[in-house]
Protein chains: 2
Amino acid sequence: MTEIEFITTFLAENAGYAREKFAARGDLTVTSKTSPTDLLTEVDLTLQHRAIEKIREHFPDDQIVAEEGEFSTFPKDPHARCWVMDPIDGTSNFVKGIFPVYAISLAFAEKGIPQVGGVCLPDMDMTFLAERDKGATMNGKPCRVSQIQTLDASRIDVDFSTLKDRQTILSRASNIITSIGQIRCHGSAVCSIIQIATGDVEAYLHMSLNPWDYAAAQLIVEESGGVATRLDNSPLELFDGREGLLITNGAIHSDVLACIK
Amino acid sequence: MTEIEFITTFLAENAGYAREKFAARGDLTVTSKTSPTDLLTEVDLTLQHRAIEKIREHFPDDQIVAEEGEFSTFPKDPHARCWVMDPIDGTSNFVKGIFPVYAISLAFAEKGIPQVGGVCLPDMDMTFLAERDKGATMNGKPCRVSQIQTLDASRIDVDFSTLKDRQTILSRASNIITSIGQIRCHGSAVCSIIQIATGDVEAYLHMSLNPWDYAAAQLIVEESGGVATRLDNSPLELFDGREGLLITNGAIHSDVLACIK
């Protein structure tokens with residue numbers, strides 16, 4: 001089984017479970033992690049557990065990095081073969097909020113960058129897949145970033161993240177906030193980034209994101225013609241220990257970077 | 001026909017049309033209004049036209065205020081019987097973005113405040129209805145705001161609106177942005193406000209909103225136990241010519257107001 005076959009199969013087999021749990025989310029067991037708004041549900045844990053079991057079955061020598069529990073530690077060799085997973089990105093939206101803004105994200109990385117990635121939006125019936133240098137698709141159709149060239153016609157998704165990052169975001173992002181046409185904040189990195197691949201959003205900015213929040217979606221955007229970098233325009237490496245990133249349609253990348261303080 | 005019967009019927013008869021157009025939105029005719037991101041579609045115009053025809057048939061002496069064209073002028077007598085409509089709130093999301101974050105909003109006002117209101121989220125199969133002092137419902141079930149009491153456990157929807165308001169928002173809202181647990185920006189006032197009525201969002205803040213953007217949703221939140229005021233805590237009147245507003249679950253209202261500069 002190839003990595004893309006594995007990801008495709010895993011997402012197809014688990015979308016229904018997430019959708020059912022979202023429909024009946026009033027019954028979920030929800031606990032807090034680091035703050036009152038940092039939530040964990042049985043769905044995150046179940047999906048992560050299922051993925052880890054399957055990865056160990058098919059790729060027993062590979063590293064695994066995932067959002068929950070002890071799997072959130074980075075691999076000793078940052079260039080090793082590694083699976084990178086967020087079982088539910090947007091857990092807070094999964095629990096609270098009427099729109100289904102959550103996603104399952106699974107990537108395979110090697111040499112410190114994502115090589116294969118898949119994102120599923122279960123309630124939207126959308127699955128995005130990409131392999132490096134082979135393009136990206138949404139439900140089998142090619143994805144393409146927008147051709148918008150100017151900030152005033154662009155939409156940015158700024159992730160205001162948790163309270164600890166808020167002052168930094170306000171300081172560093174104030175110039176882009178006052179320069180760009182539209183601002184959104186979806187509260188799910190994956191759901192935000194993936195909309196660059198569909199041409200609906202031009203930029204996504206975050207000051208402290210973890211690899212499982214962007215690995216798959218980053219590759220899907222890159223393979224749709226977009227660009228992903230650190231905030232100093234250096235390459236985005238999953239396990240370099242840095243956190244800020246900018247992902248765009250490419251056309252406005254340097255203009256957005258120039259606004260970041 | 002009573003006002004609530006009229007609103008209920010109008011929303012039920014037109015949700016399917018909006019849903020069909022959203023599903024086939026690649027074929028829409030889209031034009032810009034005041035800026036590259038201020039959009040208008042045939043769906044806005046058709047729904048507004050249909051509502052106006054029906055209102056004139058059933059309530060021929062009433063005033064009508066609506067978002068598009070010459071109907072956006074306020075009535076000479078701000079206390080007169082008046083229908084207040086946004087045919088599609090979130091037109092930009094209707095055209096661009098993968099999540100169905102748009103709504104049809106229709107309210108009946110008298111004495112300068114909404115007396116009856118209805119909001120339909122066509123793609124979510126959700127219809128909210130309220131009459132003053134009679135409670136609010138979503139698909140027939142009573143709505144209730146959340147009981148969250150503290151800012152760090154709350155979610156606010158801050159509307160970053162258009163470029164002309166951006167500096168004001170950053171200045172006046174910076175204290176609440178750095179104090180509240182979660183921030184969202186949906187780009188549809190109605191979709192944001194209505195989530196206070198469902199207990200999913202605790203506060204909605206906007207610096208320059210028009211009556212058609214909030215009349216129906218405001219009443220639905222108030223009838224769900226929430227509070228709506230101007231930013232100086234004075235009552236929210238539809239046609240007083242003022243623009244800033246705060247709508248909350250009530251419990252955090254004074255704490256949020258205290259943060260607004």
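In this predicted model, His206(B) stands opposite Leu245(B), which lies in strand β14(B).

- Strands β12 (residues 203–206) and β14 (residues 245–248) of chain B run antiparallel and are joined by four bridges.
- Both belong to an open sheet of five strands in chain B, whose order is β11-β10-β12-β14-β13 and whose pairing is mixed.
- Because β11 (182–184) and β13 (227–229) of chain B stand at the edges with a single partner strand each, one side of each is left without a neighbour in the sheet.
- From one strand to the next, the twist averages 15 degrees.
- Helix α5 (residues 189–197) of chain B packs on this sheet, where it touches β10 (155–158), β12 and β14 of chain B, and its direction makes about 150 degrees with that of β12(B).

**The nonpolar core**
- The largest nonpolar core has 160 residues, of which Ile220(A) and Ile220(B) touch the most other members.
- Beyond its neighbours within four places in sequence, Ile220(B) is in contact with several residues, among them Val119(B), Phe128(B), Cys143(B), Ile194(B) and Ala197(B).

**Helix α1 of chain A**
- Helix α1 (residues 3–23) of chain A has 21 residues and reaches 30 Å from its first C-alpha to its last, close to the 30 Å expected at 1.5 Å a residue, although α1(A) bends by about 35 degrees at Asn14(A).
- Asn14(A) is also one of the buried residues of α1(A), which include Phe6(A), Phe10(A) and Leu11(A).
- The buried residues of α1(A) pack against α2 (42–58), β4 (82–89), β5 (103–110), β6 (113–121) and β7 (126–131) of chain A.

How values were computed: Residues are numbered from 1 along each chain as its sequence is written. Chains are lettered from A and ligands numbered from 1 in the order in which they are written. This is a predicted model: local features need pLDDT of at least 70, side-chain atom pairs count only at pLDDT 80 or more; totals for chains, interfaces and linings use all residues. Two strands pair if DSSP finds at least two bridges between them. Helices (H or I, at least four residues) and strands (E, at least two) are DSSP runs, numbered from the N terminus. Axes are lines fitted to C-alpha atoms, for helices over the stretch in contact, and angles run from 0 to 180 degrees between N-to-C directions. Two residues are in contact if their C-beta atoms, placed from the backbone, lie within 7 Å. A nonpolar core is a set of buried Ala, Val, Leu, Ile, Met, Phe, Trp, Tyr and Cys residues joined through C-beta atoms within 7 Å. A residue is buried if 20 or more other C-beta atoms lie within 10 Å of its own, exposed if 12 or fewer, and partly exposed in between; C-beta atoms are placed from the backbone. The expected span of a helix is 1.5 Å times one less than its number of residues. The bend at a residue is the angle between axes fitted to the seven residues ending there and the seven starting there.
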